[in-house]
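The following exercises concern the protein shown below.

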Amino acid sequence: MSLNPFMLGVRFLLELTAVVSFGVLGWRGFDAPWRLALVLVLPIVVAAVWGMFAVPGDPSRNGEAAVAVPGVVRLVIEVLVLGGGAVALWGAGLSMAALVSAVVLVLYQVLAYDRVGWLIAH
């Protein structure tokens, strides 16, 4: 189910939303001069963490891992990054966007039970 094109699209949108959400938090949650630094640094750090740590052979990615981690570690990273995007929106004062993001994330994880199971097994 998780490799269904629709599900892959939802996952991609969740990833983009999470990265952008950290930038929004940097902009709305801090004053200058931190604002300008955090609006750039937070999304870059989140995107780097997201792309760096992977499970070798992950069928939802290219199968390669810059830093190989067990599936459970990758699952934790995914929950922290994608869920962190919803938390970042909440912290930025965008409670409705945070709620929508969190609901979509939970629905995605439930429907992607095969991916969750694969990560736990690897």
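Predicted model: local features only at pLDDT ≥ 70, side-chain atom pairs only at ≥ 80, totals over all residues.

## Exercise 1: Helix α3

Helix α3 carries a kink of about 30°, centred on Gly84.

Task. Determine whether the end-to-end distance of α3 agrees or disagrees with its number of residues, and describe what follows the helix.

Solution. Step 2: the expected span is 1.5 Å times one less than the number of residues, so the 21 residues of α3 should span 30 Å. Step 4: just after α3, Gly93 takes a positive phi of about 85°. For comparison, most residues other than glycine have a negative phi. Step 5: Gly93 belongs to the loop between α3 and α4 and is exposed, with a relative accessible area of 53%.

## Exercise 2: The largest nonpolar core

Task. Which elements give two or more residues to the largest nonpolar core, and which of its residues have the most contacts inside it?

Solution. Step 1: this core has 16 residues, and Leu14, Val81, Leu82 and Tyr108 have the most contacts inside it. Step 2: α1, α2, α3 and α4 (95-111) each give two or more residues to the core. Step 3: the largest share, six residues, comes from α1. Step 4: leaving aside neighbours within four places in sequence, Leu14 is in contact with Leu82, Ser101, Val104, Leu105 and Tyr108.

## Exercise 3: Arginine residues and aromatic rings

Task. Classify Arg11 as buried or exposed, list what it touches, and identify the rings over which Arg35 and Arg74 lie.

Solution. Step 1: Arg11 lies in helix α1. Step 2: buried means under 20% relative accessible area; at 4% relative accessibility, Arg11 therefore counts as buried. Step 3: residues up to four places away in sequence aside, Arg11 touches Trp50, Ser60, Arg61, Arg74, Glu78, Tyr108 and Arg115. Step 4: Arg74 lies over the face of Trp50, at 4.3 Å from the ring centre. Step 5: Arg35 lies over the face of Trp27, at 4.6 Å from the ring centre. Step 6: the structure holds zero aromatic pairs.

## Exercise 4: An exposed leucine

Task. Classify Leu80 as buried or exposed, and state how far Leu80 is from Pro70 in space.

Solution. Step 1: Leu80 lies in helix α3. Step 2: exposed means over 50% relative accessible area; with a relative accessible area of 58%, Leu80 is therefore exposed. Step 3: Leu80 and Pro70 are 10 residues apart in sequence, and their C-alpha atoms are 16 Å apart in space.

Terms used. Residues numbered from 1 in each chain as written. Heavy atoms only, no water. Core = buried A, V, L, I, M, F, W, Y, C linked by side-chain atoms within 4.5 Å. Buried < 20%, exposed > 50% of the residue type's maximum accessible area, 1.4 Å probe, protein only. Helix = DSSP H or I, 4+ residues; strand = E, 2+ residues; numbered from the N terminus. Contact = heavy atoms within 4.5 Å. Phe/Tyr/Trp six-rings, centres within 6.5 Å; stacked < 30°, edge-to-face > 60°. Lys NZ or Arg CZ within 6 Å of the ring centre and 35° of its normal. Bend = angle between axes of the 7 residues up to and from the residue.
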